[in-house]
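Trainee: Before we discuss this protein, may I see its sequence and structure?

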Amino acid sequence: MCNLARFLILSGWEVELIRGAKGIEAIGWAARMIRPLADGGEGTPASQVAREFSISRLNGNEVLRISALGLYRAFINGQRVGEDALTPGWTNYDARLSYQVYDVAHLLKEGANTITIWIGDGWYRSPLMWIEERRKNIWGTRVSAIAEIRGGTGLADVVVCTDGQWTSGETPIRKSQIYFGEIFDATMTPKVKQGVEVVDFDPGKLIAHECEPVRELEPLDPVKEWQDREGRTLYDFGQNTAGYVRLTLAADGPSEVLIEHAEVLDKHGQFYNGNYRSAEAIIRLQVDERGLAGYSPHFTYQGFRYARVTIKGSARITRIQSVPISSVPQATASFSSGNPLVNRFFQNAIWSHRSNFIDVPTDCPQRDERLGFSGDAQVFAGTACYLADSHDFLVKYVRELMIDQAPDGAISHTSPHIVRVKPGKRMQYGSTGWGDAITVIPWRLYLQYGDRDILAETLPAMVKWIDFVWSLTRDGIVRPPATPGARGFCLGDWLQPKGPSSKPLPTIGDDAAATLYLYISLGIAVRAAELVGEPSIASRLTTLRSEVETAFRDEFVTPSGRLAYDDQTSYALALLHGLVPSDKIAAATGYFRSAIMRTGGRLGTGFIGTPALLPALVKVGEGALAGEVFLQEDVPGWLYQVRMGATTVWERWDAIRADGTIYDPQMNSFNHYAFGAVCEWLLEGVAGFRPDETAPGFESIVFSPTIVDGLSPVTAHYDSVRGRISASWTLVGDEVRYEFVVPEGARGTLRLSLEYRDAELDGTPIMAGVDAIVGPGKHVAVFKYAIPGRQLIGESLLAANMP
Ligand code: BGC
């Protein structure tokens, strides 16, 4: 969290950490990294290391500082320390490793005590990546842990720390990996009888966890339960999430329980998880007559809505719940309207955000990926910052991007980068839209939280990225290679719908997409350089930016104002980012409309075009069309999936066809947040509040609603670092009433579109198109909006082709 935010919204957790840690972040480590000799390597039972120790006098300030290569769970005198999940989290382990600090005085006693640390494979050495390129032991073959309990900051205050004196043994976790799931044998009594080895480890790599650790959310009870023909019990928890089941088992004797997970049922109502690809995503439990109370897996998580339970033996489930987990459990924004599908879509985006902000921003939580894809994070960052406080989380992520940045400046497709250590045939570096995460995300952190430090910290990496892309240009146009995996290969407008196969729709070319994004990144880097006082960088990049601007216009803007690639993404990005010359904007807007008409008023955009589509339409005065595109309920469109029962955002527009058939399992996640990026438009465009670049962090707030027929009444809020911003509007006949609240310490600018007439602000007439400045408090604007009489969508194809 940035400094400003620290003062303004100091969360309970931070207060606890600051109080409990007592300056511990500043002191060196007495502990050594130790590995359990009981560990048999990747895929074998999780190990534990343990130590008995004695305390003569407790001072009440004792803290445990702890981390591991692997995932750990610590116990003092048999009681779990803290409630965080998947600690120490996921970083580029050969460069940095997070540690956590917990108050533990209440778990200790004077006299004899025991500390035990369980260690599983986790991200450190679980096989990761899709099956053809699956890699295990990415960061190392040996798990290990480092921990110390201290009563103060001096060396003499160390109560116990990991060293060669500890013992090790196996745990009831017989296998545990990220995609695999967990095998747990509740019948075994673990013995700790082997030793440990002190391993070479540079404590300089240890960093205090930079964002909130992964936490459990309120558990979800099943909403439905039934048996299939094979006698297995299925549970529907009503919500797709990332997390795990928690269950209690009673048994009369030895039994085995298998739990499988799925996001959807197929069209026959059968359990379906073909889309998990090679991720096993199972939990297997061995129990005896003692049963098992409140079990949930330790070092793994799954993306699921349904669980299927197969029992061999007498075991019975007496309670089962789904426990969602997330690094961003608290929502900070809401949006509701008169359209229930839209309202549900917004909730779905919140759930996809939660499910994919698990210490790293992942593409999806269920299949054999769950990786920190930079493109997905780039397009969703704005929405993420609204839906929950994502500052610290994204700062951590951009630091990972910088660590993974290649010497030539290329940014990796995923971070922490799983091919960094053992490069494969496809290098996964340097794509347009993915690599631009290094400019777009810091800029969003500046706008949203007023964090200028992150601009200073990332500017060198931004410049390196730009120079990398520049090296792919000829005459100001980026020319990415066509071979997948080649240096600078461009993923283009990923997952752009292709239209009917009889007449495929044009899509943006890689050269135009890459040149547009180079222009966007240059614009951000120029502003960042100016803001952090680097005028020579700003001036060099300004020159490159003008070259790109001229080249783009020469190459891709035809004399009539049509773009060379005549598709929605090209128009959306070029118009939104000012690459169409002013004398051609009207004509280009006509062609933009035509591109939408050719798809029957549906979107035709992929990952990079979708977030720009509706803001671009609003910018060129086509707010009503933006509303129609957004509200149509067929494929491709945001609301179709809601109609089909989605509870999270789908990866593909057509993941389930209208007849219930499920798309090819090869790439079909039901929990991918990228297309949820439209929520940024719902808040900034429709509800109409957004940060002002000239006074970021919502010191100045621009209020500029887009009235969409069919959405009234709209109401939204956002808990910014300045306090709560809210806005709502109703449209009755042609009368709009827009109410908005500016928090204390901030100021607002009401900027009404020219098409809104007879406007009044707080009872005084104002001119549409002219900014009105207001102070903190509630304000009311009333104005007239005539819904366009023409039927926008459905105009004839012929007419649509004529701007
Ligand atoms: C992921 C995407 C990602 C893409 C890029 C996919 O498999 O799920 O979200 O951005 O790969 O390569």
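Predicted model: local features only at pLDDT ≥ 70, side-chain atom pairs only at ≥ 80, totals over all residues.

Mentor: Residues are numbered from 1 along each chain as its sequence is written, and side-chain values use heavy atoms, with hydrogens and water left out.

Trainee: Does S374 count as buried or exposed?

Mentor: S374 is found in helix α5, residues 374–387; helices are DSSP runs of H or I with at least four residues, strands are runs of E with at least two, and both are numbered from the N terminus. Buried means under 20% relative accessible area, exposed over 50% and partly exposed in between, using a 1.4 Å probe and protein chains only. Because its relative accessibility is 0%, S374 counts as buried.

Trainee: Which residue's backbone oxygen does the side chain of S374 reach?

Mentor: Contact means heavy atoms within 4.5 Å. Not counting residues up to four places away in sequence, S374 touches residues including Y397, H413 and W434. At 2.9 Å, its side chain reaches the backbone oxygen of S412.

Trainee: How are α4 and α5 oriented to each other?

Mentor: Axes are lines fitted to C-alpha atoms, for helices over the stretch in contact, and angles run from 0 to 180 degrees between N-to-C directions. Under 35 degrees counts as roughly parallel, over 145 as roughly antiparallel, 65 to 115 as roughly perpendicular and the rest as oblique. Helix α4 (residues 340–356) packs against α5 at about 95°, with the axes 10 Å apart. The two helices, α4 and α5, are therefore roughly perpendicular.

Trainee: Which residues of α5 make the contact with α4?

Mentor: From α4, the contact involves F346, A349, I350 and H353. The α5 side supplies F380, A384 and L387.

Trainee: At what distance from an oxygen atom of the ligand is an N or O atom in the side chain of R367?

Mentor: The residues surrounding the ligand, with a heavy atom within 4 Å of it, include D363, R367 and H672. For D363, a side-chain N or O atom is 2.8 Å from a ligand oxygen. For R367, the corresponding distance is 2.7 Å.

Trainee: With which side chain does the side chain of E735 make a polar contact?

Mentor: E735 lies in strand β35, residues 735–742, and counts as partly exposed because its relative accessibility is 39%. A polar contact is a pair of N or O atoms within 3.5 Å; within protein, one must be able to donate a hydrogen and the other to accept it, and residues adjacent in sequence count only if both atoms are side-chain atoms. The side chain of E735 makes such a contact, at 2.6 Å, with that of K784.
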